[in-house]
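Here is a structure to explore step by step. Take a look at it first, and then we'll walk through it together.

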Amino acid sequence: MEYMSAPQAAEKWGISERRVQKLCEGNRIPGVSKFGSVWLIPKKAEKPADARRKEFKH
């Protein structure tokens with residue numbers, strides 16, 4: 001399996017590196033693992049939905 005780093009994921013998904021790290025810490029990205037101080041994120045991983053936002057249904 002191929003991996004990307006938090007900065008690479010941040011650039012790919014258009015969010016901050018810190019936000020990617022928090023998503024990793026919260027187990028919001030499937031298949032993520034930590035090697036030392038580096039988060040390894042599967043290259044095929046999709047950006048998780050932002051749980052901080054609520055969608056309104058009409």
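**Starting from Ala6**

Let's start at one residue: leaving aside residues up to four places away in sequence, Ala6 touches Glu17, Val20, Gln21, Trp39 and Ile41, where contact means heavy atoms within 4.5 Å. Ala6 sits in helix H1. With a relative accessibility of 5%, Ala6 counts as buried (buried is under 20% relative accessible area, exposed is over 50%, and partly exposed lies in between, using a 1.4 Å probe and protein chains only). Pro48 is 42 residues from Ala6 in sequence, and their C-alpha atoms are 14 Å apart in space.

A word on what you're looking at: this is a predicted model, in which local features need pLDDT of at least 70 and side-chain atom pairs count only at pLDDT 80 or more, while totals for chains, interfaces and linings use all residues. Residues are numbered from 1 along each chain as its sequence is written, and side-chain values use heavy atoms, with hydrogens and water left out.

Now step back to the whole protein. Its secondary structure comes to two helices and three strands, and from the N terminus on the elements run β-α-α-β-β. Helices (H or I, at least four residues) and strands (E, at least two) are DSSP runs, numbered from the N terminus. The C-alpha trace spans about 45 × 20 × 20 Å along its principal axes. Of the 58 residues, 26% count as buried. Among contacts with a separation of 6 or more, 44% come from residues 24 or more positions apart.

Back to the helices. How do H1 and H2 meet? The axes of H1 (residues 6-13) and H2 (residues 17-25) come within 8 Å and cross at roughly 110 degrees. Those axes are lines fitted to C-alpha atoms, for helices over the stretch in contact, and the angles run from 0 to 180 degrees between N-to-C directions. H1 and H2 are therefore roughly perpendicular to each other (under 35 degrees is roughly parallel, over 145 roughly antiparallel, 65 to 115 roughly perpendicular, and the rest oblique). On the H1 side the contact is made by Ala6, Pro7, Ala9, Ala10 and Trp13, and on the H2 side by Glu17, Val20 and Gln21. These contact residues divide into six nonpolar, one polar and one charged; here Ala, Val, Leu, Ile, Met, Phe, Trp, Tyr, Cys and Pro count as nonpolar, Asp, Glu, Lys and Arg as charged, and the others, Gly among them, as polar.

Which residues of H1 are buried? They are Ala6, Ala9, Ala10 and Trp13. Seen down the axis of H1, these buried residues fall within an arc of 105 degrees, so they line one face of the helix; the arc is that of the directions from the helix axis to the C-beta atoms. Their cover includes strand E1 (3-4), H2 and strand E3 (38-42).

H2 has buried residues too: Val20, Leu23 and Cys24. Down the axis of H2 they fall within an arc of 100 degrees, so they line one face of that helix. They pack against H1 and E3.

H1 is followed by Gly14, whose phi is positive, near 75 degrees. H2 is followed by Asn27, which lies in the loop between H2 and strand E2 (33-35). Most residues other than glycine have a negative phi. Asn27 is not a glycine, yet its phi is positive, about 55 degrees. At 65% relative accessibility, Asn27 counts as exposed.
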